Amino acid sequence: MISVAHAVLAAAIWALLWRGVTRQTFVGHAPDLQIASALAIAVLVAAAAGSVALVASGRTVWTPSRALALDVASYAAVAWALGVLELGPWPRDLGGVFVVAIVVARLAPGAYAIVEGAPSWLALVVALGAYGALASWLPVASAPFGDQIDYLLDADRLRHGSLDATLDPALFTRILGVPPSPTDAATHVANTALGPRPIQGYAMGLLLLPGWALAGRLGAGIVMAVVGALASWQTLLLLRDLVARRIAAWTWIAATALLPASLLATHLYPNVVGALLVAAAFRAGFTAPARRPALAAALLALTLFLNPRDGLAVLTLGPFLLLRGPRRRVLVAGAAVALVAVAVNGLLYGIPLPYAGYLFGTAEAQAITREPSIVPSFWIGLPAILFDRDLGLAGSAPWLFVGLLGLGAALRRDRDRLLPAAVTVGVGLAALSFFRLWEGGYAPPGRYFVDVLPLWTPFVAYGLAAALTKSLWDVAVRAFVVAAMGMSAFAAFVLNAAPALALNSAFDDKIRDVAARILGIDPLGWLPSFQPLTPAWYVGAYLALVPALAIVTAATWRGLRYR
């Protein structure tokens, strides 16, 4: 009875909330109507998801009265936040801060219910609520630069029944506010014998098509939020297969809420799609109670429709699947999907190979930029991916280094299941270190790591468990974990509130600058920068790399003692 009353009360409060955020007295304080509408949608999405999660929690893991009390308290926090905004005019970035704060207030109780043992499907509700709200805010907070505009143009062409990928200058300008340059065409259009085709293929355009057709960029973002939520849910299932439920849930919260996933789940890049396929394939092939290696092979082969970076998982996980068998089923399932990818590219590009568009596009882009896409400079790329203060993992997602604490113990305790994950992450990092654009181009930081993020989370879980055991109960380990998680939470909050700050080039230090302005200190200044802006840039970079390497080496060594 209390659960029914809870659902009715939550619906009534949500209706009042909808009336409140659409009142002229509230809308009039926003910079413009678009920003006010985006904030209203984000708040309503988060509010609805929070209530759904808490009503479900009251019927599964908590008492109905406790769930009702938490929902009311959460709504009270939202009311206070909106009341502050109604005091006077507010700038866009402040609106972003309140959007993220409201998302946290509404969905934190549901996330904690998962820590206490709520069913795994609740993770889908929580993640979808968070990503859906952030995706609703993103169109007014950041333009779809980088490859994002290309995927929207592809979706629009498909919407009109055309495979012609020729850039539409009018639509490009309308979306971005600037006309396309020759580089935009070279990095988007492959001039094949069958006509202009998208270099990145049609998979992302097809995926975004329903959302784009229904609601433009907002709809496309919601599609990505759904994919991100599914990837988050698969990550929780994978973690529950491998570690204790509470540690699994805390690690899932970190993987879902922190960078790089929380940003990439709302931006229009294929990396989260790759993460979903890799996570589902890994679970089906290695960790699920009932293994389905043929399904795992088919899911891995689907990455052949995305881009070569996602396809790395085929090369690393595929051999492990074949070794563990049944080989015939694995080969047939994987080959069937691969043959479809080959046939599609043969029909569309005239070249029966996976990633056929890249064969054209890489050469054309290199002709314009006069720089190769692949460079033999892994001594720059690898440390940059890991430690660059603005574009590397240490600057935006240091929580991932907690996995080094658990690496040794995880491989000792569960080598059969986790060795393929470690190999995939390691090979992926090594391969990406040869990319000239190791940072992912003009995109949120950690973009390329997202594809293998679910496979690294078990090691983070073991690292958190290591930090909580008496054998490693020392100040240095706890300080390392707290600092890594704290800086990651700070970066995630700020960059989701103002996502334009997440788009960096070689000449930007946006993340570092905003951290220094807010905190009054420069917490990232000690990390190296691998951007070659001066003739002797490498001197400072490699000198600053020494203490960073010392810290991660110490963390790895300390973790080896955990048993």
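**Strands, cores, salt bridges and a surface patch**

User: How many bridges join strand 1 to strand 2, and which way do the two run?
Analyst: Keep in mind that this is a predicted model. Strand 1 covers residues 189-192 and strand 2 covers residues 195-198. The pair makes a hairpin, with 2 residues between the strands. As for the count and direction, there are 4 bridges, and the strands run antiparallel.

User: Which residue in strand 2 does N191 stand opposite?
Analyst: We're still in the hairpin formed by strand 1 and strand 2. Look across from N191 into strand 2 and you'll find P196.

User: Which residues touch the most other members of the largest nonpolar core?
Analyst: That core has 171 residues. Apart from it there's another core of 6 residues, including A190, I199, L304 and Y355. Back in the largest one, the residues touching the most other members are L82 and W399.

User: What is L82 in contact with, leaving aside neighbours within four places in sequence?
Analyst: L82 belongs to the largest nonpolar core. As a general point, nonpolar side chains in soluble globular proteins tend to be buried together. With those sequence neighbours set aside, the contacts of L82 are L17, V21, F26, L39, V43 and I102.

User: Where do R283 and D241 sit, and how many residues apart are they?
Analyst: Their side chains meet in a salt bridge, 2.7 Å from N to O. This pair links distant parts of the chain, with R283 in helix 13 (residues 271-287) and D241 in helix 10 (residues 203-242). The separation is 42 residues.

User: Is D241 buried or exposed?
Analyst: The relative accessible area of D241 is 18%. Buried means under 20%. So D241, at 18%, counts as buried.

User: What class of accessibility does each partner get in the salt bridge of R417 and D414?
Analyst: The two side chains meet at 2.8 Å, N to O. R417 has 24% relative accessibility, so R417 is partly exposed. D414 comes in at 12%, which means D414 is buried.

User: How far apart are the closest N and O atoms of R92 and D93?
Analyst: R92 is partly exposed at 31% relative accessibility. D93 is partly exposed too, at 40%. They form a salt bridge, and the distance between the closest N and O atoms is 3.6 Å.

User: Which helix gives the largest share of the nonpolar patch?
Analyst: The surface patch consists of L94, V97, V104 and F493, with about 280 Å² of accessible area together. F493 is in helix 23 (residues 475-497), and counts as partly exposed at 31% relative accessibility. The largest share, 3 residues, comes from helix 5.

Key
Residues numbered from 1 in each chain as written. Predicted model: local features only at pLDDT ≥ 70, side-chain atom pairs only at ≥ 80, totals over all residues. Heavy atoms only, no water. Patch = residues over 30% accessible without salt bridge, like charges linked within 9 Å, V, L, I, M, F, W, Y side chains within 5 Å. Areas by Shrake-Rupley, 256 points an atom, 1.4 Å probe, with all protein chains shown as cover. Salt bridge = Lys/Arg side-chain N within 4 Å of Asp/Glu carboxyl O. Buried < 20%, exposed > 50% of the residue type's maximum accessible area, 1.4 Å probe, protein only. Core = buried A, V, L, I, M, F, W, Y, C linked by side-chain atoms within 4.5 Å. Contact = heavy atoms within 4.5 Å. Pairing = 2+ DSSP bridges.
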